[in-house]
Amino acid sequence: MAKNNGAKNLDTSTEEKIIQAASKVFTQKGYVATRTRDIAEEAGINLALLNYYFRSKEKLFQLIMVEKLQLLFSVILPIVNNDDLSLEEKVETLVENYINLLIDNPDLPLFVLGEIKANPAGFKDRLQVRKVLQNSSFVRQLRNRRPDVEPVHFIVSLLGMTVFPFIAKQILFADDNTFKMQMEERKALITKWARTILET
């Protein structure tokens with residue numbers, strides 16, 4: 001019995017190592033440029049063992065992509081649909097949580113953007129972002145507050161100000177410490193911009 005439990009733990013450990021390695025390599029290189037051999041090397045296993053657990057690169061990629069999208073939506077959905085938060089509180093919480101998420105996962109924006117460019121139809125069908133946002137309390141509150149402001153413009157501007165620094169990090173910022181410091185400052189700046197729009 002103990003032997004079987006040990007084998008099961010070993011299997012789980014190996015599978016988890018493969019998933020972690022795939023997440024790292026796919027995020028850095030994207031789907032097209034990644035070889036299964038790259039993932040096996042990153043996981044410290046041979047290619048045959050990787051193929052035993054995951055029959056194809058595509059299957060492994062789909063698993064990682066679902067994981068990344070869940071990570072993104074775990075920050076957004078509970079906030080935009082929380083009826084107990086005011087519009088200002090939603091904006092502040094979104095910006096705070098989203099910047100924290102991207103500081104912890106700085107390669108995530110470029111990875112997602114690259115894959116959206118490669119497969120826009122697939123992402124549109126999978127994400128249903130427009131539908132989710134249109135039915136959210138966030139958009140209802142925004143329409144009530146500023147009926148003259150198209151919610152898409154407001155949301156795109158909010159996301160752009162939050163995400164773009166992570167895309168242009170290597171060009172615009174001298175080092176990681178400066179970047180993190182300015183991202184903390186940016187939380188307040190973005191929230192201030194949003195409040196100005198909402199109060200105009």
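Hi everyone, let me start where two parts of this protein meet: between domain 1 and domain 2 there are two residue pairs in polar contact, both at pLDDT 80 or more. A polar contact here is a pair of N or O atoms within 3.5 Å; within protein, one must be able to donate a hydrogen and the other to accept it, and residues adjacent in sequence count only if both atoms are side-chain atoms.

By class, the side of domain 1 that touches domain 2 has five nonpolar, four polar and no charged residues. In that scheme Ala, Val, Leu, Ile, Met, Phe, Trp, Tyr, Cys and Pro are nonpolar, Asp, Glu, Lys and Arg are charged, and the others, Gly among them, are polar.

A word on what you are looking at: this is a predicted model, where local features need pLDDT of at least 70, side-chain atom pairs count only at pLDDT 80 or more, and totals for chains, interfaces and linings use all residues. Residues are numbered from 1 along each chain as its sequence is written, and side-chain values use heavy atoms, with hydrogens and water left out.

So where are the domains? Domain 1 covers 8-55 and domain 2 covers 61-199, with bounds from an automatic or database domain assignment. Their centres, taken over C-alpha atoms, are 29 Å apart.

Back to the interface. Nine residues of domain 1 are in contact (heavy atoms within 4.5 Å) with nine residues of domain 2. Together the domains bury about 770 Å², with 73% of it on carbon and sulfur atoms; buried area is the accessible area (1.4 Å probe) that two parts lose on being put together, summed over both. Which residues of domain 1 lose the most area to domain 2? They are Phe26, Thr27 and Tyr31, together 58% of what that side buries.

Now the fold. The protein chain has 12 helices and zero strands, counted as DSSP runs numbered from the N terminus (helices H or I, at least four residues; strands E, at least two). The C-alpha trace spans about 65 × 40 × 35 Å along its principal axes.

Last, the annotations. An unreviewed UniProt entry places a "DNA-binding region" at residues 35-54; that span is 75% helix, with its end C-alpha atoms 13 Å apart. UniProt also lists residues 152-173 as "transmembrane region", again from an unreviewed entry, and there the chain is 91% helix, with end C-alpha atoms 29 Å apart. UniProt positions are in the numbering used here, feature names are shortened, and annotations may be inferred rather than shown by experiment.
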